[in-house]
Amino acid sequence: MKLPYRSMLLFCSALLVITQVQAAKYKEVEGGVSNGGSLSGSIMFDGTPPPAKELNVDTDAEHCGKQYSENLIVGKSGGIKNAVVSVSGIASGKAWQFPANFTFDQHGCVFKPHVMLLKPKTGGEVLNSDPIGHNVHTISKGIFNVNKKMKANTEMQVKKTKLRKPGVIRVKCDLHSWMSAWWYIAESPYTALTDENGNFSIGDIPPGTYQLKIWHEKLGESEQTITIEAGSEAKKNVSLKL
Ligand SMILES: [Cu+2]
């Protein structure tokens, strides 16, 4: 009895892996999406936003100065910056119009940008523009985990084969506890990062009903159902609270 059960377990595991790999593969439709709809809106903070927290600068203070948390940035209009909005479950559609390469800097003891939205298989360079050393330490569930010291004014290349799966990568510096950033690898080009007013816009969406997913480093993940009609311009504002 033992063998068939184990075989079945192995088969199911293999199937699960195959399904996950397939789900990650997005296909660009030749000629683009002809009858797509668009979705735009704002991710808003519900309530009075707390002031940016001053962080404990306990190392290299003479160079790093005062530092404030960037884990919740709310604009004057109440919009939340750096939320990732995605229309999920679209297997094929428009071409990716994401940058081919990225530049991620360590400048003034801050990672820049704080949240970086990428398509899978994007390569780029990590810079240290500071006159002091830093440490790039990435933490992810099997995407790209690196822990590398970077001396003053140096750079490190990240090959595009390293960032091949969608998901979230946290970046920290082990020398400066306050330094924090996120790399978000999108599942499809139907993904956007909100601007300083919390606005986003996603175009050429094939008509259909989807889950609209929102990720924010501090406010977590949420989702809701949206319907996109052919040739229409849908609006959606979403409020998030602490
Ligand atoms: Cu550092």
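**The disulfide and the copper site**

Mentor: C64 and C109 are joined by a disulfide, with 1.9 Å from S to S. The term covers a pair of cysteine sulfur atoms within 2.5 Å. Please keep in mind that this is a predicted model, in which local features need a pLDDT of at least 70 and side-chain atom pairs count only at pLDDT 80 or more, while totals for chains, interfaces and linings use all residues. Residues are numbered from 1 along each chain as its sequence is written, and side-chain values use heavy atoms, with hydrogens and water left out.

The structure holds one disulfide. The link of C64 and C109 is left-handed, with -65° about the S-S bond. It connects distant parts of the chain, 45 residues apart: C64 belongs to helix 2 (residues 61–64), whereas C109 sits in the loop between strand 5 (101–107) and strand 6. Helices (H or I, at least four residues) and strands (E, at least two) are DSSP runs, numbered from the N terminus. C64 counts as buried because its relative accessible area is 6%, and C109 is buried because its relative accessibility is 0%. Here buried means under 20% relative accessible area, exposed over 50%, and partly exposed in between, with a 1.4 Å probe and protein chains only.

The copper ion is coordinated at 2.0 to 2.6 Å by ND1 of H134, SG of C173, ND1 of H176 and SD of M179. Donors are N, O and S atoms within 2.8 Å of the metal (3.2 Å for Na, K and Ca), and sites may look incomplete because water is not among the atoms. Around the copper ion, the four donor atoms subtend angles of 93 to 136°, so the arrangement is irregular. Four donors count as tetrahedral if all angles lie between 85 and 135 degrees; four count as square planar, and six as octahedral, if opposite donors are over 155 degrees apart and all others between 65 and 115; anything else is irregular.

Along the sequence, the donor residues of the copper ion follow the spacing H-x38-C-x2-H-x2-M. H134 and M179 are both buried. C173 is buried as well, because its relative accessible area is 3%.

In the loop between helix 2 and strand 3 (84–88) lies N82, whose phi is near 65°, a positive value in a residue other than glycine. N82 counts as buried because its relative accessibility is 8%. K121, too, has a positive phi, about 60°, although it is not a glycine. The place of K121 is the loop between strand 7 and strand 8 (123–128), and K121 is exposed because its relative accessible area is 55%. The peptide bond from K112 to P113 is cis, with omega near 0°. P113 is found in the loop between strand 6 and strand 7 (115–118).
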